[in-house]
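Me: I'm new to this one and would like to go through it slowly. Could you show it to me before I start asking things?

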Amino acid sequence: MKSYKVYLTKSSEVASRIKSSFQIGGEIQSLSSGKVNENTDLVPTVYHDKGFYYCTVTLNENGEHDAPTYELIIC
């Protein structure tokens with residue numbers, strides 16, 4: 001199972017800086033960032049097409065959790 005941390009901001013620069021603060025490896029499986037639109041699956045639809053940007057950190061299952069976790073962090 002995968003877990004997700006999604007950072008949401010009104011600044012593309014902030015989303016990019018958040019992404020660059022992480023490195024793939026260990027428990028971090030992937031990183032992505034961009035402008036929130038109708039195709040952004042991990043962001044609630046209330047934020048779609050409203051000028052928001054995101055950074056998604058996908059975490060590998062590390063055996064500590066019984067179920068995947070999801071965090072939405074608004075910056």
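Reply: What follows is a talk through this predicted model, topic by topic.

Me: Ok, the sheet to begin with. What order do the strands come in?

Reply: The order is S2-S3-S1-S4, in an open sheet of 4 strands with mixed pairing. The edge strands are S2 and S4, the latter covering residues 70-74, and each of these pairs on one side only. From one strand to the next, the twist averages 15°.

Me: And S1, how does it pair with S3, parallel or antiparallel?

Reply: S1 and S3 run antiparallel and are joined by 7 bridges. As one example, Ser-3 has Leu-59 as its bridge partner in S3.

Me: What about S1 with S4, parallel or antiparallel?

Reply: That pairing is parallel, with 5 bridges between S1 and S4. Here Tyr-7 has Ile-73 of S4 as its bridge partner.

Me: How many residues of S1 are buried?

Reply: In S1, 5 of the 7 residues are buried, so the strand is largely enclosed by the rest of the structure.

Me: Which strands does H1 lie across?

Reply: H1 lies across S1, S2 and S3, and its direction makes an angle of about 15° with S3.

Me: Changing topic: how many aromatic pairs are there?

Reply: The structure holds 2 aromatic pairs. One is formed by Tyr-7 and Phe-22, whose rings are 6.0 Å apart centre to centre with 45° between the planes, which makes the pair tilted. This pair links distant parts of the chain, since Tyr-7 is in strand S1 (residues 3-9) while Phe-22 is in the loop between helix H1 (12-20) and strand S2 (28-35), and the two are 15 residues apart.

Me: What sits over the ring of Phe-52?

Reply: That is the charged end of Lys-10, which is 4.5 Å from the centre of the Phe-52 ring.

Me: Next, the inside. Which residues make up the largest nonpolar core?

Reply: The largest nonpolar core has 7 residues, namely Tyr-7, Ile-18, Ile-28, Leu-31, Cys-55, Val-57 and Leu-59. S2 and strand S3 (53-59) are the elements that give two or more residues to this core, and the largest share, 3 residues, comes from S3. A second, separate core has 6 residues, among them Val-6, Leu-8, Val-36 and Tyr-54.

Me: What is Leu-31 in contact with?

Reply: Once neighbours within four places in sequence are left aside, Leu-31 is in contact with Lys-19, Phe-22, Gln-23, Ile-24, Thr-56 and Val-57.

Me: Now the loop between S2 and S3. What does Leu-42 touch there?

Reply: Leu-42 has its place in that loop and touches Tyr-4, Val-6, Thr-56 and Tyr-70, leaving out residues up to four places away in sequence. Leu-42 and Val-6 are 36 residues apart in sequence, while their C-alpha atoms are 7.3 Å apart in space. With a relative accessible area of 28%, Leu-42 is partly exposed.

Note on methods. Residues numbered from 1 in each chain as written. Predicted model: local features only at pLDDT ≥ 70, side-chain atom pairs only at ≥ 80, totals over all residues. Heavy atoms only, no water. Phe/Tyr/Trp six-rings, centres within 6.5 Å; stacked < 30°, edge-to-face > 60°. Lys NZ or Arg CZ within 6 Å of the ring centre and 35° of its normal. Core = buried A, V, L, I, M, F, W, Y, C linked by side-chain atoms within 4.5 Å. Buried < 20%, exposed > 50% of the residue type's maximum accessible area, 1.4 Å probe, protein only. Contact = heavy atoms within 4.5 Å. Pairing = 2+ DSSP bridges. Axes fitted to C-alpha atoms, helices over the stretch in contact; angles between N-to-C directions.
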